[in-house]
Amino acid sequence: MAGDLQKPAFGLDRPTWLRLADTVDLIVHPAALVNHALPYDEMFGTNVAGTAELIRLAMTRRLKAFTYISTFAVVSSQSSTADEDADIRLSSPVRRLDQSYANGYITSKWAGEVLLREAHEQCGLPVVVLRPGMIMAHRRYAGQLNVPDVFTRLLISVVVTCTAPRSFYRSRGAHYDGLPVDFLAEAVVALGQRKADGYHTFNALNPHDDGISLDVVIDWLIEARCAIERIDDYKEWFTRLETAVRVLPQRQRQHSLLPLLHAYAEPQEAVGGLGLPPSDRVRAAVREARTGVSGGIPPFSFPDPKVCRRSASAGSDRDGGSGRRPRPHPGTRRRPPMTWRRLPACGRPPNVGAGEDVGAREEL
Ligand SMILES: NC(=O)c1ccc[n+]([C@@H]2O[C@H](COP(=O)([O-])OP(=O)(O)OC[C@H]3O[C@@H](n4cnc5c(N)ncnc54)[C@H](OP(=O)(O)O)[C@@H]3O)[C@@H](O)[C@H]2O)c1
């Protein structure tokens, strides 16, 4: 059933709302406007008021357990602590609205956590908060990408402009914090199966100290025969990138890093896997629930290009192993998936997002 978080009762009629209030026992809330360019005001309706409305549903007729997909950025930005036992209202009582990267989005996710803490304290709402870092593609549906996310935008921009910096980092030892969506979905299921009481927060970061960083991802692209020139001077690379993406045809430009360029204006601090807060709790919860087959927090890896090619030629929306076509959710439109095969060769206009909905709500 489709509903709009921005509308009272999600735009549902009263009998439907009451039926949900009576029959639902667990609310899993991943829906959000995920946009790193818009200000807080624009995120408020969906991410804050929408979460408040879901809390209202959770407390109507009977208490329902509530799982909220937050983001680790809530505690990695501004002054806060990654301590999973800390009360966000105390550890981060005030947030600054400014021009920093993804400030509006992160503030709206923080506000969602604050609302849930209040609802728990005042009404005993059972809450689980999951705080992932970057959510990466599913491991089985090789080649299918989250087109508007900052990682995909970066890769598209590097491939289209045929340039990358020698390194994205100020020093050695960097590690990219990303976990595949299938593992995180397993974690959500595992956490939802636990006894519904209390307030529990779980950081879900990639803890492997494996040296797999954005620089390694560029190596993988080069190995996959993308013609990418590495430029020693970071500023020179950034200037070339900016100039090149600004003059891309509109359709490619909208999938590029352009609206988020400032995030890459400077090389990043290198943080190794051991430098991240531990994710032992989520690992233990998944192991205990035995919900999936992952056998622990997976490392970030590059799918075998042969598998990508096979799944792309079999029809990229098919399961590469079984050939079965995953069913779309009722009421959703099928979008053409983005595949490695459709990434452009250097110098050719990229065929990204062809036929894709580029409506006003698309992430920048
Ligand atoms: N992507 C990441 O790396 C990342 C990292 C950390 C945390 N997260 C969190 O993980 C969750 C999912 O992120 P994602 O990247 O998968 O986002 P996404 O692809 O943009 O999906 C967001 C979902 O929210 C729905 N939605 C947006 N506005 C809505 C509204 N007004 N009413 C009802 N539904 C609405 C969208 O519905 P439609 O499909 O109909 O548009 C979509 O299904 C979010 O809560 C995000 O904050 C994401």
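In helix α7, the residues E186, A187, A190 and L191 meet V282, A285, V286 and A289 of helix α11. Sorted by class, this contact of α7 with α11 comes to seven nonpolar residues, one charged residue and no polar ones. The model is a predicted one, and here α7 covers residues 181-192 while α11 covers residues 280-289. Their axes come within 9 Å and cross at roughly 75°. Angles of 65 to 115 degrees count as roughly perpendicular, so α7 and α11 are roughly perpendicular to each other.

Helix α2 runs over residues 40-58, and helix α5 takes in residues 103-123. The axes of α2 and α5 come within 9 Å, with a crossing angle of roughly 20°. Since angles under 35 degrees count as roughly parallel, α2 and α5 are roughly parallel to each other. As for handedness, α2 and α5 cross in a right-handed way. On the α2 side, the residues that take part are Y40, E42, M43, F44, N47, V48, T51, A52 and I55. Their partners in α5 are G104, Y105, T107, S108, K109, A111, G112, L115, L116 and A119. By class, the contact of α2 with α5 holds eleven nonpolar, six polar and two charged residues.

Helix α2 also holds T46. T46 has 19 C-beta neighbours inside 10 Å, and therefore counts as partly exposed, as being buried takes 20 or more. Setting aside residues up to four places away in sequence, T46 touches L5, Q6, A32 and L33. T46 and K7 sit 39 residues apart along the chain, yet their C-alpha atoms are separated by 8.8 Å.

Next comes the ligand. There are 19 residues around the ligand, and the ones that come nearest are L5, A31, A32, T71 and I135. Two elements, α2 and β4 (134-136), each give two or more residues to this shell. The shell is made up of ten nonpolar, five polar and four charged residues.

Zooming out, the protein chain has 364 residues, and 34% of them count as buried. Its secondary structure comes to twelve helices and eight strands. Among the contacts in the chain with a separation of 6 or more, 80% link residues 24 or more positions apart.

T161 belongs to helix α6, residues 150-161. With 22 other C-beta atoms within 10 Å, T161 is buried, because the cut-off is 20 or more. Beyond its neighbours within four places in sequence, T161 is in contact with R240, L241, A244 and V245. One of these, A244, is 83 residues from T161 in sequence, but the two are 6.3 Å apart in space, C-alpha to C-alpha.

Finally, a word on backbone angles. Most residues other than glycine have a negative phi. A9, though, has a positive phi near 50° without being a glycine. A9 is found in the segment before α1 (14-23), and is partly exposed, with 18 C-beta neighbours inside 10 Å. R61 is not a glycine either, but has a positive phi of about 70°. R61 lies in the loop between α2 and β2 (65-69). With 13 other C-beta atoms within 10 Å, R61 also counts as partly exposed.

Methods:
Residues are numbered from 1 along each chain as its sequence is written. This is a predicted model: local features need pLDDT of at least 70, side-chain atom pairs count only at pLDDT 80 or more; totals for chains, interfaces and linings use all residues. A residue is near a molecule or strand if its C-beta atom, placed from the backbone, lies within 6 Å of it. Helices (H or I, at least four residues) and strands (E, at least two) are DSSP runs, numbered from the N terminus. Ala, Val, Leu, Ile, Met, Phe, Trp, Tyr, Cys and Pro count as nonpolar, Asp, Glu, Lys and Arg as charged, and the others, Gly among them, as polar. Axes are lines fitted to C-alpha atoms, for helices over the stretch in contact, and angles run from 0 to 180 degrees between N-to-C directions. Angles under 35 degrees count as roughly parallel, over 145 as roughly antiparallel, 65 to 115 as roughly perpendicular and the rest as oblique. A crossing is left-handed if the near helix is turned anticlockwise from the far one by less than a right angle, and right-handed if clockwise. Two residues are in contact if their C-beta atoms, placed from the backbone, lie within 7 Å. A residue is buried if 20 or more other C-beta atoms lie within 10 Å of its own, exposed if 12 or fewer, and partly exposed in between; C-beta atoms are placed from the backbone.
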